[in-house]
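Biologist: I'd like to go through this model label by label and hear what each one rests on. Please put it on the screen.

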Amino acid sequence: VNTIQPKTGNTALHIVLTEINDDSIIQGNSLSNPENQDVTLKMRALLEAGANPNIKNAFGQTPLALVKEKMKLAKRYKQENDLFLLGLERLLKKYRA
């Protein structure tokens with residue numbers, strides 16, 4: 001579960017977060033977006049299987065840092081209280097990120 005890609009340093013958690021639909025964040029419907037619902041399910045499954053949320057990729061980013069980047073995107077488009085992203089943040093923190 002914690003296999004690291006050689007070039008990027010990404011783990012499965014990092015990779016799943018790349019599946020977030022940015023358009024849904026910008027449009028304010030990220031919570032109901034099916035792609036994003038899959039992200040939440042995959043993240044939960046990986047964390048329950050022992051994925052380490054504190055591993056940094058080659059760019060020095062943890063999965064939580066990637067979620068925080070998405071939160072900045074949401075804020076830029078006046079979607080500061082994006083429930084989908086807040087849920088991911090809460091999930092990662094639950095597993096000590």
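Biologist: How far does H3 reach from its first C-alpha to its last, and what is expected at 1.5 Å a residue?

Modeller: H3 has 15 residues and reaches 21 Å, close to the 21 Å expected. The expected span is 1.5 Å times one less than the number of residues. A helix here is a DSSP run of H or I with at least four residues, strands are E runs of at least two, and both are numbered from the N terminus. Keep in mind that this is a predicted model, where local features need pLDDT of at least 70, side-chain atom pairs count only at pLDDT 80 or more, and totals for chains, interfaces and linings use all residues. Residues are numbered from 1 along each chain as its sequence is written, and side-chain values use heavy atoms, with hydrogens and water left out.

Biologist: What is the average pLDDT of the protein?

Modeller: The average is 97, and 100% of the residues score at least 70. That score is the predictor's confidence in each residue, from 0 to 100.

Biologist: Why is Lys70 called buried?

Modeller: Buried means under 20% relative accessible area, exposed over 50%, and partly exposed in between (1.4 Å probe, protein chains only). Lys70 has 19%, so it counts as buried. This lysine sits in helix H4. Not counting residues up to four places away in sequence, Lys70 touches Leu17, Ile20, Asp22, Ile25 and Leu85, where contact means heavy atoms within 4.5 Å.

Biologist: And why is Gln37 called partly exposed?

Modeller: Its relative accessible area is 40%, so Gln37 falls in the partly exposed class. Gln37 lies in H3, residues 34–48. Gly60 gets the partly exposed label too, because its value is 42%; this glycine lies in the loop between H3 and H4.

Biologist: Which residues of H3 are buried, and what puts them on the same side?

Modeller: They are Asn36, Val39, Met43, Leu46 and Leu47. They cover an arc of only 95 degrees around the axis, so they sit on the same side of H3. The arc is taken from the directions from the helix axis to the C-beta atoms. Pro34, Leu41 and Glu48 are exposed on the face turned away.

Biologist: How do you know that the buried residues of H5 share a side?

Modeller: The buried ones are Phe84, Leu85, Leu88, Glu89, Leu91 and Leu92. Their arc is only 160 degrees, which puts them on the same side of H5. They pack against H1, H2, H3 and H4.

Biologist: What caps the N-terminal end of H5?

Modeller: Asp82 does, with a side-chain oxygen 3.1 Å from the backbone nitrogen of Phe84. A polar contact is a pair of N or O atoms within 3.5 Å; within protein, one must be able to donate a hydrogen and the other to accept it, and residues adjacent in sequence count only if both atoms are side-chain atoms. At the start of H3, a side-chain oxygen of Asn33 comes within 2.9 Å of the backbone nitrogen of Glu35.

Biologist: What makes a nonpolar core, and how many residues has the largest one?

Modeller: A core is a set of buried Ala, Val, Leu, Ile, Met, Phe, Trp, Tyr and Cys residues joined through side-chain atoms within 4.5 Å. The largest has 21 residues, with Leu88 among those having the most contacts inside it. H4 gives the largest share, six residues.
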